[in-house]
Structure formats: structure tokens, C-alpha cells
Amino acid sequence: MSRIVLVTGGTSGIGRAVAARFAADGARVLVTGRHADTVEQAVEELAVYGSVRGAVCDSTVPAQVAELGELVGPDLDVLVNAAGGLPDVPSDGMAPLDALLAQWQANLAQNLLGAVLTTASVQEKLSAGGTVVSIGSIGAERRGGSYGASKAALAAWNASLSAEFGPRGITANVVSAGYVAGTGFFRGGMTDDRHRALVEETHTKRPGTVADIAETVHFLASPGAGHITGQTIHVNGGAFTTR
């Protein structure tokens, strides 16, 4: 029987690559995104890989997440919390401390609380032998500011999730990505000099790809990874060890 896979933030970047990898393996995949047009386009383009459907859902909005939980159906094999990134937080006209608070709250909401809410909404539907994988970041250990702190909190939450789900035969892990080229994460702010510096930090002397992350997520959801849980798996070409 085909596995049922939910990928939040599955319309672009790492989430999209993860959805394509599971669909190509015969899974029935549900992807989410915040905008109807991008969800529709992603589903149409991902259909070439296999069975993919979409749902509009902002993982930081409890009512929308509750609706998503109902849409999933009675059984779920794999949950991938890939929604996240650098939030756009307008600060014009705000007092400095108000702006700082807004930035931190937005990062925590987008990179931690969305995963917490989504997981809670479907946790009773996760099947024995299933898995939860959340996408973290090297920024959790490297001067990541509010973004890095939110990803560090994601790993701490995952450790408790693993302990909670373990008796049910469900694993929970974080894949901590290093520099991954070809995504919208930097919003056009990646310069040639910064690209070269980030690549030079790696042992492999290349940037990461969305496929690198997708393959790691797919492995963590395989029978061969059944005794791997509560972990943060670093996928960064060795860059983490250089500082």
C-alpha cells in the first residue's frame, strides 16, 4: 500500500524536492503552501513524479492547521515540517524594541510553532513505523540571530517529541541544512563573494542541493532508519566542523 506523506512548505525549495522524492517512490503526497496560486502550480508540476495534491495552509494559523489535520484523513505515515525561512517583518515606524520583538516572534512562529502546531494536528493519525522530520538549519549553531534561535528551539522540541512518540514506534528527527543553493531563502541577496565563502567552508567544495536534503529525509523515513530518532542530522558538506 502507498504511504501517505504530508510536506508543509512543499511548493518550493527543499519542501518541493522532498515532495518530489516521495512521490517518485510511489507515495501519495499532500503539499501545503500559504498561497493558492503557488500550491496549484506546484501540484501541477509535481504530478509528473506521481500522486500529489495540495492544500492552502499557513502553518502559523491554528484554524488553518486544524482544517489541514482533517484533510489528511485517518492515516499518515510521514510528516515533513519543511515550512519556514526568513520572515518579512515590516518595522517602519516601530519603536526599536517593538521591532525587535516582532522579528523574534515572527521567526519563532514561522520556524518553530508552525511545526509544533502541524505535528499536534496530525499526531493521532501517525501510524506505527511512521516518522516526523523537521527541517532545521546550520544557523542554529552559527550566529543565526532570531532565525537561528528558532531553529535551535526546533531541535530541542524534537528531542521531546521523539521521547513522546517512541513508544508508538514513530521516529522524530531534524535535518539541519547547511548552505543550499538554488532556493529562495536569501531573496536575491546571495552575492558571488558570499557564495564562494560558503562553498570554501565545506569539505566537499560545493554548495548543498535540495536533492541532498530530500534524500536524507527520505532515508530517515525508511525502514533502515527505524532506530534513528531524537537526532539532528547535519547535511552541510563538513562546513559545521570548520568553526
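The largest nonpolar core has 31 residues, and Val-7, Phe-22, Val-29 and Val-217 are the ones that touch the most other members. A nonpolar core here is a set of buried Ala, Val, Leu, Ile, Met, Phe, Trp, Tyr and Cys residues joined through side-chain atoms within 4.5 Å. Buried stands for under 20% relative accessible area, exposed for over 50%, and partly exposed for anything in between (1.4 Å probe, protein chains only). The structure is a predicted model, where local features need pLDDT of at least 70, side-chain atom pairs count only at pLDDT 80 or more, and totals for chains, interfaces and linings use all residues. Residues are numbered from 1 along each chain as its sequence is written, and side-chain values use heavy atoms, with hydrogens and water left out.

Back to the 31-residue core: the elements that supply two or more of its residues are E1, H1, E2, helix H2 (36-46), strand E4 (76-81), E5, strand E6 (171-177) and helix H7 (210-220). Helices (H or I, at least four residues) and strands (E, at least two) are DSSP runs, numbered from the N terminus. H1 gives the most to this core, at 7 residues.

Turning to charged pairs, the count comes to 7 salt bridges, each a side-chain nitrogen of Lys or Arg within 4 Å of a carboxyl oxygen of Asp or Glu. One of them joins Glu-201 to Arg-142, with the closest N and O atoms 2.8 Å apart. Glu-201 sits in helix H6 (residues 192-201) and Arg-142 in the loop between strand E5 (126-137) and helix H5 (145-165), so this pair ties together parts that are 59 residues apart in sequence. Glu-201 is buried, at 15% relative accessible area, and Arg-142 is buried at 15% too.

Another salt bridge links Asp-25 and Arg-3, whose closest N and O atoms are 4.0 Å apart. Asp-25 belongs to the loop between helix H1 (13-24) and strand E2 (28-33), while Arg-3 is in the segment before strand E1 (4-8), so the parts tied together are 22 residues apart in sequence. Asp-25 is partly exposed at 44%, as is Arg-3 at 24%. Arg-206 and Asp-212 also meet through their side chains in a salt bridge, 2.9 Å from N to O. Arg-206 is partly exposed, with 38% relative accessibility, and Asp-212 is partly exposed at 23%.
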